Amino acid sequence: MQLWKGRFKKELSKTTNDFNSSISFDSRMYKEDIEGSIAHATMLGRCGIISTDSANDIVKGLNGILADIENGKLKIDPDAEDIHTFIEGELTKRIGENGKRLHTSRSRNDQVAVDIKLYLKKEVVNVKNLVLDLIKVIAGKAEEYSDTVMPGYTHLQRAQPITFGHHLLAYGEMLLRDISRLEDCLKRMDEMPLGSCALAGTTYPIDRTITAELLGFERITNNSLDGVSDRDYCIEFASTLSIIMVHLSRFSEEIIMWCSWEFKFIELDDAFSTGSSIMPQKKNPDIAELVRGKSGRVFGDTMTLLTVMKGIALAYNKDMQEDKEAIFDAVDTVKMCLTAFTPMLDTMKVLPKNMRKAAAGGFINATDCADWLTKNGVPFRDAYKATGELVARCIELGTDLENLPIEEYKAVCEVFNEDVYKAISLEKCVSQRTAFGGPAPELVKAQAKRVAQLTIK
């Protein structure tokens, strides 16, 4: 069944029908299509455009279709052009003439737009809840390891001492920004386009505010052309999903490094690792690697949406059918990644001794050594040079700053005394970084509690 057959004398070729059809991917919006149609029929009845009896008959029929789809009694026809055609055809089959009244003062253009907005509004919330679940795990781990010393890196070189909790909370902050972006995206998405019709509204005396209220939209769209041709909300949601994947990919990269023998800062649980078909000793971080790899897929979905929309004149064009597969795939991929990533992180074993050993071996307390000289009257540039010479001497002797004899210190600068060892203790280095946002354990604990509080739904 094609809703537009009256103009045409020839049957659509199978090749064209298959190419034109969207039922294979828009069928997932069956519930939203029915919800939108129920609201539309209710509005038509209240406005006297169709009789109350007709509206009630339509609503009853649609509710029956919804129930039958969800309990498996009604299968969606894969040969239907789209989900909208299938449901309207099924409705007419069930209730007769009144089913043909449903599409009064409505086009598939605004019908599609309202369906996808209803669907994506729910998915924004679903993704947000999954991100909050991950942030909650991060906050818990951060508090638990708030005083676990590890090396912080720049250029992938050991730089300064931090704590594992502090490192984890950096990802917590990234993901909190993602939550904010999702919330902003939802605000802009919360406009109802139904009533825009094909592009120019309608001559029927409809009341769009009734439909918006029934469907839970905050407001209605202001321009009928924009109402049917806008897909900014798809692009914005996909962009936000892409940024989430950037963060998950960066986190995955570190997890992959951390669980390697070269780092061995963590060990992933067996339930979230795989082995090799030939090397019996292997324990591979496949989940983290897949998350890292799937980020490119979501980026591609975002680029697809941008490319589809960039050259389309107003209003609706068939190109816009390509929006659904891209945004649906982006949503599905991110949800799948979050669902796998969160329990992987939650169950990983942290190895504090290995982190501490790595921190001790990287001269990451050199800045604190230079700061100690500066606090004792040595100009910073001279202190920097002296500390650099000490690091070079440590390398020659195969030791570190904490174990270098005081005589070596004094040979470089007479200002040094035994107090320097307290200042360059890794635990002391971390605990003294008390500026807000720093890695001092008490700050990390406080920040972990703050982040955990923000995850309460």
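Ser105 is buried in this predicted model, with a relative accessible area of 7%. Its place in the chain is the loop between helix 5 (83-95) and helix 6 (108-144). The backbone of Ser105 has a positive phi of about 55°, although the residue is not a glycine. Most residues other than glycine have a negative phi, and most peptide bonds are trans.

Lys264 is another non-glycine residue with a positive phi, again of about 55°. Lys264 lies in the loop that runs between helix 10 (232-258) and strand 5 (266-267). The relative accessibility of Lys264 is 15%, and the residue counts as buried because the cut-off is under 20%.

A positive phi also occurs in a hairpin. Strand 1 (residues 149-154) and strand 2 (residues 157-163) run antiparallel and are joined by six bridges. Within this pairing, Pro151 stands opposite Pro161 of strand 2. Two residues separate the strands of the hairpin, and His155 takes a positive phi near 55° there.

The remaining feature concerns a peptide bond. Between Leu314 and Ala315 the bond is cis, with omega near 10°. Ala315 is found in the loop between helix 11 (286-309) and helix 12 (322-347).

Key
Residues are numbered from 1 along each chain as its sequence is written. This is a predicted model: local features need pLDDT of at least 70, side-chain atom pairs count only at pLDDT 80 or more; totals for chains, interfaces and linings use all residues. Side-chain values use heavy atoms; hydrogens and water are left out. Two strands pair if DSSP finds at least two bridges between them. Helices (H or I, at least four residues) and strands (E, at least two) are DSSP runs, numbered from the N terminus. Buried means under 20% relative accessible area, exposed over 50%, partly exposed in between (1.4 Å probe, protein chains only).
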